[in-house]
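Hi,

Here is the structure I said I'd pass on.

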Amino acid sequence: MGYVLTDEQKDLKSMVANFMSKEVKPHLAAIDESGEFPIDIYKQAFDIGLHMLEIPEQFGGSGLDHQTVGILLEEMGYYDPGFAITMLCSALALKCVLIGGTDEQKARVSNLIGEGGFGVFCLTEADAGSDAASLKTSYREDKDGYVIDGSKCFVTNGEFADVYIVFATKDKKLGPKGISAFIVEKDRNGVMVGSHENKMGLRLSNTCDVAFQEVRIPKENLLGEEGKGFNIAMAGLDEGRLHNACISTGICQAALDEAVKYAKERKTFGVPIIKHQAVQMILADMAINTEASRQLVRSGMYALDMNLPTTKIASMAKTFCADSAVKVTTDAVQVLGGYGYSKDYPVEKMMRDAKIFQIFEGTNQIQRMVIARELAK
């Protein structure tokens, strides 16, 4: 391996593994079946700061470096990626405020989320997913502040939000330059939450539509300057893509471990199937993809720590790690055979969970376009 964990990283990784194995893992099968949002478990995670890992200490976070955060996200993803995504989205909302907000806004939102509130990032719309700059949610000024009107979809944590970071346009003709970001509290008149999506995977995370019908907010809820919202969103997404790559790597490792365990126990023709060359080839490729994912994402997290440009490496890591997660989990199902297709074994859930990582935070097809654009520069 091209890296060695420090004693602090080992201790933190052990702490996360202990929490996930004791507080989350015993409930996974039941929650995956019901789709219930385990808010009591999340409140416990908030109490120990799992949603504030990379947030600076001055804003109530742990102030961990990006490489350490990546290790811990991989560990969360190893046990359940839906849990990890829920933690990340509260942090993403706060990070948008830290990127573009005033001192007052930073203090207000960090206190809210630091005390256990759910933060929400509201960018995606029904007709503005990969092409985020074409969003239709609009805003206008009035004498007291701003009025927001529109709707967002696939909003993580949306039903349980305490604060929304909402991206809206003043004039669609302006494209990205017309987009601004706003802080919208959950109790504002006109904020309406839709029903929870009955998803294929990530069943531990809450996903819903949120509508903003003539929602009035004061001028101090504008995040940064008018017309700078798209820049704030993209800065958050570059980091978010690397975080998702970390979680995808955790999925890979979990699927590999399950496949190796089964291959050592399952016997055919008088020997464990891990002795059969056909199975060995599958397991070897799974191991290659898992370790390559880990090394790529570590490079990206190192770039973040060094304040280096991350757009290309973030898209590369997101794409490769997500593709690897889908391949590795599918191979794990294959190794387990009929049992792999059964809900009595964990790998079918891993396969369902992995697929979304090729889709959200910009599809892998869009990421390849981003990579090519960066190469053209």
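The buried residues of helix α1 are Gln-9, Leu-12, Val-16, Ala-17, Phe-19, Met-20 and Val-24. They sit on the same side of α1, because the arc they cover around the axis is only 160°. Turn to the other side of α1 and you'll find Asp-7, Asp-11 and Lys-22 exposed. Bear in mind that this is a predicted model.

What do the buried residues of α1 pack against? Their partners are α2 (28–34), α3 (39–47), α4 and α5.

I also checked the length of α1, which runs over residues 7–24. With 18 residues at 1.5 Å a residue, the helix should span 26 Å, and its end C-alpha atoms are 25 Å apart, so the two agree.

Now for the inside. The largest share, three residues, comes from α5.

If you want to pick out the lining on screen, select Leu-50, His-51, Leu-53, Glu-54, Val-69, Leu-73, Met-87, Leu-88 and Ala-91. By class, seven of the lining residues are nonpolar, one is polar and one is charged.

Cheers

Methods. Residues numbered from 1 in each chain as written. Predicted model: local features only at pLDDT ≥ 70, side-chain atom pairs only at ≥ 80, totals over all residues. Heavy atoms only, no water. 1 Å grid on protein atoms, 1.4 Å probe; cavity = no way out; pocket = protein on both sides within 12 Å on 5 of 7 lines; lining within 4 Å. Helix = DSSP H or I, 4+ residues; strand = E, 2+ residues; numbered from the N terminus. Nonpolar A, V, L, I, M, F, W, Y, C, P; charged D, E, K, R; others polar. Expected span 1.5 Å × (residues − 1). Buried < 20%, exposed > 50% of the residue type's maximum accessible area, 1.4 Å probe, protein only. Arc of directions from axis to C-beta. Contact = heavy atoms within 4.5 Å.
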